[in-house]
Amino acid sequence: MTSPPSPEDFLPIEKVELHQHVDGSMPAAFTWELMLANGLAPVKTFDEMQRLLVLQDHEEGSLLDYLDKFHYPLWVTQFYQNIADATFRIAEEAYSKGVRGLELRYAPNIHTYAGLTLRQAIGSVLSGMNRAERELQGMRCGLIVIAMRHFGPHIAKILARQAISEGQQFHDRVGVVGFDIAGAERGNPPVLFREAFDIARKGRLGLTLHAGEDGAADYVWQAIDDIGATRIGHGCAALNDPTLMKRLARDQVVVECCITSNYQTNAAKRGEPHPIVAFLEAGVPVAICTDNTTVSNTDQLEECVLAAELIGVDAVHQILAATPSYSFIRGLRIPSRRTRRR
Ligand SMILES: [Zn+2]
């Protein structure tokens with residue numbers, strides 16, 4: 001009998017995170033610190049704050065309930081230094097789990113209510129990432145700019161233009177590496193955002209979309225056929241469409257799998273194996289991702305353990321070894337499978 005997988009199986013491996021949101025990953029203790037410092041605390045104790053930030057069991061069930069947890073972080077992430085510091089804290093936490101390539105994603109326009117410009121909202125995350133690369137030895141970072149679906153295609157185009165002007169190729173170190181759409185999926189199909197993705201592609205950004213999380217398989221088809229995405233966030237709905245599974249495998253479109261989050265939003269059914277199993281069986285490349293370490297109360301190691309319980313430790317090691325090649329971060333080199341000490 002082999003022992004069940006544990007976080008220690010994956011801690012020494014250098015990992016690359018491809019799908020993690022800034023707002024949903026701010027460490028709860030740090031959000032509490034900012035709430036107090038800014039005179040904004042909505043509750044009396046840290047425990048109460050934590051319950052507001054982390055999805056509770058009874059709150060599970062839909063993407064919309066899940067998205068509700070992003071409400072409080074936005075109170076403090078309207079200010080440049082707060083955003084920069086939050087980004088650094090997220091990177092520091094990921095680093096402690098052996099992450100050495102970190103793609104964070106973020107919707108700049110929902111961080112401009114206190115007067116930041118879109119460029120400043122993007123620059124604040126990049127500032128935190130630059131600090132992470134400076135202070136955490138061997139860490140590489142890149143930002144994926146998100147257009148929230150409910151703001152519509154025109155705002156998405158404006159964001160795509162802002163994103164390409166901060167592209168990694170124009171910077172010494174970190175920059176924007178990708179473009180994405182997120183938020184309430186149904187009724188907002190990818191094809192509506194084609195022009196925004198055309199701008200992002202011409203600006204040499206990587207293309208990934210939240211698709212097939214709450215929406216139908218058709219949205220995943222659109223993400224590939226109409227948008228030309230090389231990666232898909234979640235993609236769970238593809239499971240019901242064998243032709244789509246073959247297509248994802250043929251074109252080697254990477255599915256960013258977020259196991260905990262998918263159960264919480266009901267994109268995957270509790271009691272059934274996560275779609276990552278079917279993706280692997282069909283030959284679809286996958287990455288193991290956290291989505292939101294605070295809202296989902298998880299981290300890279302926990303997600304690796306969950307995956308290993310389904311597909312085995314060796315298969316997870318193979319996925320981790322392949323993941324750097326799917327990253328949008330230019331020049332990402334993961335030199336060895338073992339993490340070096342800070
Ligand atoms: Zn996501």
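**View 1. Asp291 is found in the loop between strand E8 and helix H13 (300-311).** Helices (H or I, at least four residues) and strands (E, at least two) are DSSP runs, numbered from the N terminus. This is a predicted model, in which local features need pLDDT of at least 70 and side-chain atom pairs count only at pLDDT 80 or more, while totals for chains, interfaces and linings use all residues. Residues are numbered from 1 along each chain as its sequence is written. Asp291 has a phi near 70°, a positive value in a residue other than glycine. Most residues other than glycine have a negative phi. Asp291 counts as buried because 29 other C-beta atoms lie within 10 Å. A residue is buried with 20 or more other C-beta atoms within 10 Å of its own, exposed with 12 or fewer and partly exposed in between, all with C-beta atoms placed from the backbone.

**View 2. Gln252 sits in the loop between helix H10 and strand E7 (254-257).** Here too phi is positive in a residue other than glycine, with a value near 50° for Gln252. Is Gln252 buried or exposed? Gln252 has 11 C-beta neighbours inside 10 Å, so it counts as exposed.

**View 3. Eight strands build an open sheet with parallel pairing.** Follow the strands across in the order E1-E2-E3-E4-E5-E6-E7-E8. Strands E1 (15-21) and E8 (286-288) are the edges, each pairing on one side only. Two strands pair if DSSP finds at least two bridges between them. From one strand to the next, the twist averages 25°.

View 4. Lys15 stands opposite Val99 in E2, and His21 stands opposite Arg105. Helix H5 (residues 80-96) packs on the sheet and touches E1, E2 and strand E3 (140-148). The direction of H5 makes about 145° with that of E2. Axes are lines fitted to C-alpha atoms, for helices over the stretch in contact, and angles run from 0 to 180 degrees between N-to-C directions. Why is E1 largely enclosed by the rest of the structure? Seven of the seven residues of E1 are buried, which means that the rest of the structure largely encloses this strand.

**View 5. Strand E3 is mostly covered, with eight of its nine residues buried.** E3 pairs with E2 in the parallel sense over six bridges, and Ile144 of E3 is the bridge partner of Arg105. Helix H7 (residues 152-165) lies across E3 and strand E4 (176-182), running at about 160° to E3. Now look at the largest nonpolar core, which has 96 residues: Leu143, Val145 and Val220 touch the most other members. Such a core is a set of buried Ala, Val, Leu, Ile, Met, Phe, Trp, Tyr and Cys residues joined through C-beta atoms within 7 Å. Leaving aside neighbours within four places in sequence, Val145 is in contact with Tyr106, Pro108, Ile122, Leu159, Ala163, Val176 and Phe179. Contact means that the C-beta atoms of two residues, placed from the backbone, lie within 7 Å.

**View 6. Helix H1 (residues 28-37) crosses helix H2 (residues 46-53) at roughly 115°.** Their axes come within 10 Å. The crossing of H1 past H2 is right-handed (near helix turned clockwise from the far one by less than a right angle; left-handed if anticlockwise). H1 contributes Ala28, Thr31, Trp32 and Met35 to the contact, and H2 contributes Phe46, Met49, Gln50 and Leu53. Of the contact residues, six are nonpolar, two polar and none charged (nonpolar: Ala, Val, Leu, Ile, Met, Phe, Trp, Tyr, Cys and Pro; charged: Asp, Glu, Lys and Arg; polar: the others, Gly among them).

**View 7. Helix H9 (residues 217-227) is seen with the elements that cover its buried residues.** Which residues of H9 are buried? They are Tyr219, Val220, Trp221, Gln222, Ala223, Ile224 and Ile227. The cover includes helix H8 (194-202), strand E5 (206-211), strand E6 (231-234) and helix H10 (242-250). Just after H9, Gly228 takes a positive phi of about 80°.

**View 8. Trp75 lies in helix H4 (residues 73-76).** Trp75 has 16 C-beta neighbours inside 10 Å and therefore counts as partly exposed. Asp65 is 10 residues from Trp75 along the chain, and their C-alpha atoms are separated by 18 Å.
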